[in-house]
Amino acid sequence: MELDEKKYLYLLLILPLVVLVFLFNLYWKRKKQREFGDLEMVKKLSPDSSMFKPVLKIVIFILALLGLIIGLVNPKIGTKMETVKREGIDIVFAVDVSKSMLAEDIAPNRLDKSKQIVSQIINQLGSDRIGIVAYAGSAFPVLPITTDYSVAKMFLQSMNTDMVSSVGTSFNEAIKLSATYFDDKKTSKLLIMISDGEDHNEGAEAAAEEAAKLGIKIITIGVGTEKGGTIPLKRNGVVEGFKKDSNNEVVITKLVPESLTLIAKTTKGGYVNGNNTKEVLEYVKNALNNIQKTEFEATEMADFQSQFQWFLGFAFLLLFADVFLLERKTSWVKKLDLFNENK
């Protein structure tokens, strides 16, 4: 079950307030009756007054309010798995998580900027399948090919520079791992690589050539500036220093667009600077429009069905009953004397 509008759950706080108002009103009435005269005499003066009906009315009113609140929350139910046919392409996002991606020459830093770009690209996709790979000195599978964009975004936000232990950046490892994600030979394949372009291993061009043979097109997105920036070392969000090399010199990491351009060119893809998100989205959108989409089957959970109408209907039915429920005794119940009120 899924709750669509959880914010309305705060309205449940109204229910105990209603009970308190009812109890206070009951106490006030009793107090006034005692001031008026003897309670037994008051009961005789109003023989049709029921002690049970007011309680029944407040219970009905509270249940009606509960139904209205649950209706506003809009619970959804849907557990059916179904196979649907979609038309799109397979896209793998390979995100650089090396330490250089912590450089803040582009706000908030290169890695967070990369996440923003990928998230925005996902937002403009239709029915394409996507996967995510993280890489530094080696590559790590984050999320296999899926059509569940919400799960993809959740995994994307969890990515950090500690998830791949190897230092440096290896494009060839990222390309090789990403290539294994494309399990359907008939589906169009696109690899989107996001990095600052600093490759510390050889073989990227050869890996790109192999990818091209498999029909994989690569779009590379460069994040960072060619002027470069330092790599802050933080603890609990506070900068304690900056990364240094073996000569104890502060490392300046720079955007290297040449390496990214070469990889993209090898697969007849393209390179785009990632500093302007709007330009990146427009570039990727145009690229997707020029890639032939293919039909594929995907197994997924059926859409959750809203259930609010049942609770609202129940609530209105109770409110309708409450209007016509009088506080005086019902004749046939009065004869039964269930609450020993006829003494």
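View A. Aspartate 162 is exposed, because its relative accessibility is 60% (buried means under 20% relative accessible area, exposed over 50% and partly exposed in between, with a 1.4 Å probe and protein chains only). The structure is a predicted model, in which local features need pLDDT of at least 70 and side-chain atom pairs count only at pLDDT 80 or more, whereas totals for chains, interfaces and linings use all residues. Residues are numbered from 1 along each chain as its sequence is written, and side-chain values use heavy atoms, with hydrogens and water left out. Aspartate 162 forms a salt bridge with lysine 99, with the closest N and O atoms 3.0 Å apart (a salt bridge is a side-chain nitrogen of Lys or Arg within 4 Å of a carboxyl oxygen of Asp or Glu). This pair links distant parts of the chain, 63 residues apart: aspartate 162 lies in the loop between α5 (149-157) and α6 (171-179), and lysine 99 in the loop between β4 and α4. Helices (H or I, at least four residues) and strands (E, at least two) are DSSP runs, numbered from the N terminus. Lysine 99 is partly exposed, with a relative accessible area of 36%. By the salt-bridge rule, the count comes to seven.

**View B. The salt bridge between glutamate 104 and lysine 234.** The two side chains meet at 2.8 Å, N to O. Glutamate 104 belongs to the loop between β4 and α4, and lysine 234 to strand β10 (residues 232-235), so that the pair links distant parts of the chain, 130 residues apart. Glutamate 104 is partly exposed at a relative accessible area of 41%; lysine 234 likewise counts as partly exposed, at 48%.

**View C. Arginine 110 and its surroundings.** Arginine 110 lies in helix α4 and is buried, with a relative accessible area of 0%. Its salt-bridge partner is aspartate 105, the closest N and O atoms being 2.8 Å apart. Aspartate 105 counts as partly exposed at 21% relative accessibility. In the loop between β4 (90-96) and α4 lies proline 108, and the peptide bond from alanine 107 to proline 108 is cis, with omega near -10 degrees.

**View D. The crossing of helices α4 and α9.** The axes of α4 (residues 110-123) and α9 (residues 277-289) come within 10 Å and cross at roughly 40 degrees. Axes are lines fitted to C-alpha atoms, for helices over the stretch in contact, and angles run from 0 to 180 degrees between N-to-C directions. The two helices are therefore oblique to each other (under 35 degrees counts as roughly parallel, over 145 as roughly antiparallel, 65 to 115 as roughly perpendicular and the rest as oblique).

**View E. Two residues other than glycine with positive phi.** Asparagine 248 has a phi of about 65 degrees and is placed in the loop between β11 (238-242) and β12 (252-253). Asparagine 248 is exposed, at a relative accessible area of 55%. Lysine 268 has a phi near 60 degrees and is found in the loop between α8 (257-266) and β13 (270-273). Lysine 268 is exposed, with a relative accessible area of 72%.
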